[in-house]
Amino acid sequence: MVKNKKDDSGEDLGFNWFDCPVCKKGRLILSKHIHELPDGDKYLIMKFECNKCEFTKNDLIPVETHIKPGKFILNVNEKEILKSKIFRSSSGVLEIPELEMEIEPGPAADFYITNVEGVLFRMKDAVSFFKKGLSEENQKVNKILENIDRAINGEFKFTLIITDELGGSYIVPVNEKSLKIEYF
Ligand SMILES: [Zn+2]
């Protein structure tokens, strides 16, 4: 079933029903809203809300020109570049080869907006969590954590690569020269 409603800006945004994956009884109501960032980037917020339980999920999709499938390679060779914005859709694979880190997409993967620094903090959390589960010291894990810390402080040069077969992911670099894009 599809119904339509209008948002504040008068744009006609449809909303659809889905079954709730949590309670299995409710219906997820999808609402869409266009949001504009202060710097002019626009994105679409899709919010799923169950009408029976507490389940909600947000997804965001850029609506400007950056939606094409491709490979985005950001060369992070100075601290300033850590402020570059990262938009990863649920189909985007994000990797930092020098840190041996890769974030795979999956059904549960949310779109997220952060900057390079935010990605490093997420990776640090994930590796620290993994380290806690180890019964003994692991030199390789320690080395990766050390390098993530150096990267956060701008003392470790690396490349951040997002490969998105479907499109939706993109990077807004602080410095245009630091980004290479290969559209598929
Ligand atoms: Zn529910």
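Reader: How many helices and strands make up the secondary structure of the protein chain?

Author: This is a predicted model, in which local features need pLDDT of at least 70 and side-chain atom pairs count only at pLDDT 80 or more, while totals for chains, interfaces and linings use all residues. Residues are numbered from 1 along each chain as its sequence is written. Helices (H or I, at least four residues) and strands (E, at least two) are DSSP runs numbered from the N terminus. For the protein chain, the secondary structure comes to two helices and 13 strands.

Reader: Which strands stand at the edges of the open sheet of five strands?

Author: The open sheet has antiparallel pairing and the order β9-β8-β11-β6-β13, two strands being paired if DSSP finds at least two bridges between them. Because each edge strand has a single partner, one side of it is left without a neighbour in the sheet. The strands in this position are β9 (101-103) and β13 (179-183).

Reader: Which residue of β13 is the bridge partner of isoleucine 73?

Author: Strand β6 (residues 70-76) and β13 run antiparallel and are joined by five bridges. In β13, the partner of isoleucine 73 is lysine 180.

Reader: Within what arc do the buried residues of α1 fall, seen down its axis?

Author: A residue is buried if 20 or more other C-beta atoms lie within 10 Å of its own, exposed if 12 or fewer, and partly exposed in between, with C-beta atoms placed from the backbone. In α1 (residues 116-132), the buried residues are Val116, Val119, Leu120 and Met123. The arc is that of the directions from the helix axis to the C-beta atoms. These residues line one face of α1, because they fall within an arc of 95°.

Reader: Which exposed residues does the face of α1 turned away from its buried side carry?

Author: Helix α1 has 17 residues and reaches 25 Å from its first C-alpha to its last, close to the expected 24 Å (1.5 Å times one less than its number of residues). On the face turned away from the buried side, the exposed residues are Asp125, Ser128, Phe129 and Lys132.

Reader: Is lysine 24 buried or exposed?

Author: Lysine 24 lies in the loop between β2 (12-19) and β3 (27-36) and has a positive phi of about 65°, although it is not a glycine. Because lysine 24 has 10 C-beta neighbours inside 10 Å, it counts as exposed.

Reader: What value is phi of glutamate 100 near?

Author: Glutamate 100 is found in the loop between β8 (92-96) and β9, and it is exposed, with 12 other C-beta atoms within 10 Å. Its phi is positive in a residue other than glycine, near 55°.
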